[in-house]
Amino acid sequence: MVTWVSSRNTRLAWALFALLALSLALPGVAVYRHALATVCDGAECLPGQVTTADISIAHATGYAPRQYADNVLIFNLIAFVYCLLIAALFVWRKPAHGAAVAGAFALTALATNALATATVTAYPSLRPAAHLISFAGLSAVLPFLAALPDGRFDPAWLCLLYTSPSPRDGLLPRMPSSA
């Protein structure tokens with residue numbers, strides 16, 4: 001049986017992980033913005049970085065690389081904040097459920113991974129901490145997926161994934177049975 005103390009410890013562990021991830025991600029915002037406006041064709045490119053083909057298309061349409069960098073950075077920051085808020089909601093509301101806790105760790109790592117990688121390009125000595133965040137996030141994905149379909153993690157808002165303007169346009173063909 002999960003007690004209040006273990007729920008508190010779960011929240012504390014996630015908060016420490018989130019602080020570590022954010023402390024690596026926030027210094028990388030300026031580096032990431034600069035990298036987004038730079039052409040990269042190698043294996044060491046950051047997510048969202050333009051290739052030579054992308055930049056030629058952008059020039060043909062009159063789209064400047066700085067505009068692209070600003071737009072992608074704003075979109076990514078909104079997505080990162082959204083993932084962190086969902087992770088915090090998981091840990092705050094369901095600290096005793098394995099799927100919620102694993103999902104929170106995975107979402108936190110997902111949200112901060114690109115910016116942490118950008119920070120590592122500027123400060124290579126932080127590479128072990130960035131690898132720790134990536135490892136924790138990837139390690140949490142399998143327990144999240146393994147714990148999700150057993151029916152114990154059934155938040156009320158999950159039905160929103162199945163709603164749509166018309167029944168045939170839903171994300172899934174039918175609502176799962178809660179039996």
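Buried here means under 20% relative accessible area, exposed over 50%, and partly exposed in between (1.4 Å probe, protein chains only). This is a predicted model, in which local features need pLDDT of at least 70, side-chain atom pairs count only at pLDDT 80 or more, and totals for chains, interfaces and linings use all residues. Residues are numbered from 1 along each chain as its sequence is written, and side-chain values use heavy atoms, with hydrogens and water left out.

**View A. A disulfide joins cysteine 40 to cysteine 45.** The sulfur atoms lie 2.0 Å apart, and a disulfide is counted for a pair of cysteine sulfur atoms within 2.5 Å. The count comes to one disulfide. At -95 degrees about the S-S bond, this link is left-handed.

**View B. Cysteines and their accessibility.** Cysteine 40 is buried, at a relative accessible area of 14%, while cysteine 45 is partly exposed, at 27%. Take a look at cysteine 83 too: it is buried, with a value of 13%.

**View C. Confidence along the chain.** The predictor's confidence in each residue, pLDDT, runs from 0 to 100. Its mean for the protein is 79, and 79% of residues reach 70 or more. Residues 1-5 have pLDDT below 50, and beyond near neighbours in sequence this stretch has two contacts in the model (contact: heavy atoms within 4.5 Å). Residues 161-179 also stay under 50, with nine contacts beyond four places in sequence.
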